Amino acid sequence: MLLIADVHLGKADTFRQFGIGVPQRVQESDLVRLEHLLQYFQPQRCVVLGDLVHGRILGPGTVQTWNDLVQSHPGTVFELILGNHDRNLQPVDLTLQYVHKNLQIDGVYLSHEPLTTPELSTHNSLNIHGHIHCAARVDGSSKKLPALAYSPPHLSMPAFSEFTAGIQASAGCKKIWVFAPEDDLVCQIR
């Protein structure tokens with residue numbers, strides 16, 4: 001299973017619609033990275049932990065590129081857990097086999113926003129979620145990098161979209177891993 005969060009398809013389309021010159025390649029590079037991950041891992045399921053889209057505006061090229069990507073991986077089921085930005089998503093626009101509010105798999109809760117349900121604390125479960133767009137700085141660097149942040153029982157995924165700002169991971173996180181995409185590097189900083 002491949003888990004990603006906060007793809008924000010159509011964000012560049014939205015900015016351009018309002019006269020802000022954002023190049024389409026910003027979004028295209030995200031989908032190229034997703035294509036490479038799908039080819040490499042060949043997952044049975046690809047679950048987007050919310051905010052697949054940015055808003056109401058999805059250019060025809062964006063819709064076509066997503067649908068082509070899904071169709072080129074017939075062995076992968078594409079699923080969405082609805083996020084706050086997905087409220088205007090029309091299921092007929094983008095190819096998705098399943099859409100969920102939340103999903104539980106063997107004691108692991110998948111959601112867009114962090115869950116606070118009693119099941120998490122009473123059953124020693126894990127909640128993997130998006131929404132927060134965690135990022136962190138490596139010592140000596142001024143650049144924030146996408147981060148995976150663990151603060152039991154929550155594991156917060158970084159935003160998949162490179163065109164989405166990151167929020168500094170909380171000082172209370174037990175573990176933080178950062179991703180340096182240009183170097184294909186993952187390192188634990190806490």
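Predicted model: local features only at pLDDT ≥ 70, side-chain atom pairs only at ≥ 80, totals over all residues.
Residues are numbered from 1 along each chain as its sequence is written, and side-chain values use heavy atoms, with hydrogens and water left out.

**The sheet**

Let's start with four strands that form an open sheet in the order E1-E2-E3-E4, with parallel pairing. Strands, marked E, are DSSP runs of at least two residues, and helices (H or I) are runs of at least four, both numbered from the N terminus. Two strands pair if DSSP finds at least two bridges between them. Strand E1 (2-4) and E4 sit at the edges with a single partner strand each, so one side of each has no neighbour in the sheet. From one strand to the next, the twist averages 20°; angles like this run from 0 to 180 degrees between N-to-C directions, with axes as lines fitted to C-alpha atoms, for helices over the stretch in contact.

Now look at strand E3 (residues 77-81). Four of its five residues are buried (under 20% relative accessible area, against over 50% for exposed and partly exposed in between, with a 1.4 Å probe and protein chains only), so E3 is largely enclosed by the rest of the structure. Strand E2 (residues 45-48) pairs with E3 in the parallel sense over four bridges, and Arg-45 has Val-77 of E3 as its bridge partner. To get from E2 to E3, the chain goes through helix H3 (residues 60-71), a right-handed β-α-β crossover: with the strands pointing away from the viewer, the path from the first strand over the helix to the second runs clockwise. E3 also pairs with strand E4 (residues 98-100), again in the parallel sense, over three bridges. There, Glu-79 stands opposite Tyr-98.

**The helices**

Helix H2 (residues 25-41) lies across E1, E2 and E3, and runs at about 160° to E1. What about H2 and H3? Their axes come within 11 Å and cross at roughly 5°. That makes the two helices roughly parallel (angles under 35 degrees; over 145 is roughly antiparallel, 65 to 115 roughly perpendicular and the rest oblique). Their contact (heavy atoms within 4.5 Å) involves, among others, Leu-31 and Leu-34 of H2 and Trp-66 and Leu-69 of H3.

Most residues other than glycine have a negative phi, and most peptide bonds are trans. Here are two residues that go the other way on phi:

Finally, which residues does a cis peptide bond join? They are Pro-152 and Pro-153, with omega about 5°. Pro-153 belongs to the loop between strand E9 (144-151) and strand E10 (154-156).
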